[in-house]
Amino acid sequence: KLGIPTVIHESDLSMGLANSICAKKATSVCTTFEATSKKFQNGVWTGSPVSNKLLSADKSWAVFNYKLNPKLKAITITGGSLGSTAINSAIQNILPSLCKKYNIIHLTGKGKHINFSHPNYHQLEFSNNIGSIFKASDLVISRAGSNTIFELALLKVPMLLVPLSKKASRGDQIENANYFKDLKIANVIQEENLSMLETAINKTFSLISEIKSALIQQNFTNGLNSLLNEILKAEKYGGFVMERKK
């Protein structure tokens, strides 16, 4: 209403309510998914902005600090910034079995401690070195938030995605997860089926070569510079608008 140029970014495949309202007046509607940008005249496909620090991380940090057994593959479990009680509970039930076969790095979320101990099990609430942990992982079990899954896609790390159910969301993570599944770069298990998590893990590892090949073929790029360019373009346009109003 004030004529101030506005740049918005939608990270999910389908647009949320706030961005849907803002899109009508935005200078640019930047999107992570190409298909989303095509729905708007002012849509711009930038991709997902990813930290260069994450992309340049050294996996040896995680290997050394968690003393990962070189004879075993590594699985990282993350439920997002706050952690996931549902994923944590499902993982806890199968940890005795998993730790016989894999290195496990488990980001539980703040205050969500799991009472389990094993030389191959490494539990932490969160990490400032997630790039190193991801790079040291043969598989990441994760929610299907757009930022995380595109980070993993850029790092070429296979995924087993557990999207938030429609009981707790508008279904955006389910859409994101199915998009990645259709590209054959991730396997998916719905939250309602977490009692079958170990079976899903075994199935994902049986497909790991195909998933890695599909990840290599995808031409995902870091959207950070493209998004910054849209902001700079809007800034120049904004200066013109304000000068004209004077």
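Which residues of S2 are buried on one side, and which on the other? Point 2 gives the answer. The notes below concern a predicted model.

1. **Overall make-up.** The protein has 11 helices and nine strands. Its C-alpha atoms fill a box of roughly 70 × 40 × 35 Å along the principal axes. Of the 246 residues, 48% are buried. The exposed surface comes to about 13200 Å², and carbon and sulfur atoms supply 54% of that area. Take the contacts with a separation of 6 or more: 60% of them join residues 24 or more positions apart.

2. **Strand S2, both faces.** Ser-28 and Cys-30 lie on one side of S2, with Val-29 and Thr-31 on the other. All of these are buried, so both faces of the strand are covered: the cut-off for buried is under 20% relative accessible area.

3. **The three-stranded sheet.** S2 belongs to an open sheet of three strands in the order S1-S2-S3, with parallel pairing. The edges are S1 (7-10) and S3 (43-45), each of which pairs on one side only. On average, neighbouring strands here are turned by 30 degrees against each other, direction ignored. S1 and S2 are joined in parallel by four bridges, and Ile-8 has Val-29 as its bridge partner in S2. On the S3 side, three bridges hold S2 (residues 28-31), again in parallel. There, Cys-30 is partnered with Val-44 of S3.

4. **The six-stranded sheet.** A further open sheet has six strands, in the order S6-S5-S4-S7-S8-S9, and the pairing is parallel. S6 (121-124) and S9 stand at the edges with a single partner strand each, so one side of each has no neighbour in the sheet. Neighbouring strands are turned by 15 degrees on average, direction ignored. S5 (residues 102-107) pairs with S6 in the parallel sense over four bridges. Leu-107 and Leu-124 are bridge partners in this pair.

5. **H5 against H9.** H5 (residues 85-98) also meets helix H9 (residues 197-206). Their axes come within 9 Å and cross at roughly 60 degrees. The two helices are therefore oblique to each other. H5 contributes Ala-90, Ile-91, Ile-94, Ser-97 and Leu-98 to the contact, while H9 contributes Leu-197, Glu-198 and Ile-201. By type, the residues of this contact are six nonpolar, one polar and one charged. An α-helix has 3.6 residues a turn, so residues three or four places apart point the same way.

6. **Helices H7 and H8.** H7 lies across S7 and S8, and runs at about 165 degrees to S8. In H8 (residues 172-182), the buried residues are Asp-172, Gln-173, Ile-174, Asn-176, Ala-177 and Phe-180. These buried residues pack against H7, S8 and S9 (186-188). Just after H8, Lys-184 takes a positive phi of about 65 degrees.

7. Lys-67 has a phi near 50 degrees, a positive value in a residue other than glycine. Lys-67 sits in the loop between H4 (59-65) and S4 (73-78). Its relative accessibility is 68%, so Lys-67 counts as exposed. Lys-156 also has a positive phi, of about 60 degrees, although it is not a glycine. Lys-156 is in the loop between H7 (146-154) and S8 (159-161). Is Lys-156 exposed, partly exposed or buried? It counts as partly exposed, at 31% relative accessibility.

8. **Ile-216.** Ile-216 is part of helix H10 (residues 208-217). This residue is exposed, with a relative accessible area of 64%. Ile-216 and Lys-156 are 60 residues apart along the chain, yet their C-alpha atoms are separated by 6.6 Å.

Conventions
Residues are numbered from 1 along each chain as its sequence is written. This is a predicted model: local features need pLDDT of at least 70, side-chain atom pairs count only at pLDDT 80 or more; totals for chains, interfaces and linings use all residues. Side-chain values use heavy atoms; hydrogens and water are left out. Two strands pair if DSSP finds at least two bridges between them. Axes are lines fitted to C-alpha atoms, for helices over the stretch in contact, and angles run from 0 to 180 degrees between N-to-C directions. Angles under 35 degrees count as roughly parallel, over 145 as roughly antiparallel, 65 to 115 as roughly perpendicular and the rest as oblique. Contact means heavy atoms within 4.5 Å. Ala, Val, Leu, Ile, Met, Phe, Trp, Tyr, Cys and Pro count as nonpolar, Asp, Glu, Lys and Arg as charged, and the others, Gly among them, as polar. Buried means under 20% relative accessible area, exposed over 50%, partly exposed in between (1.4 Å probe, protein chains only). Accessible areas come from the Shrake-Rupley method with a 1.4 Å probe; for residues, only the protein chains shown count as cover.
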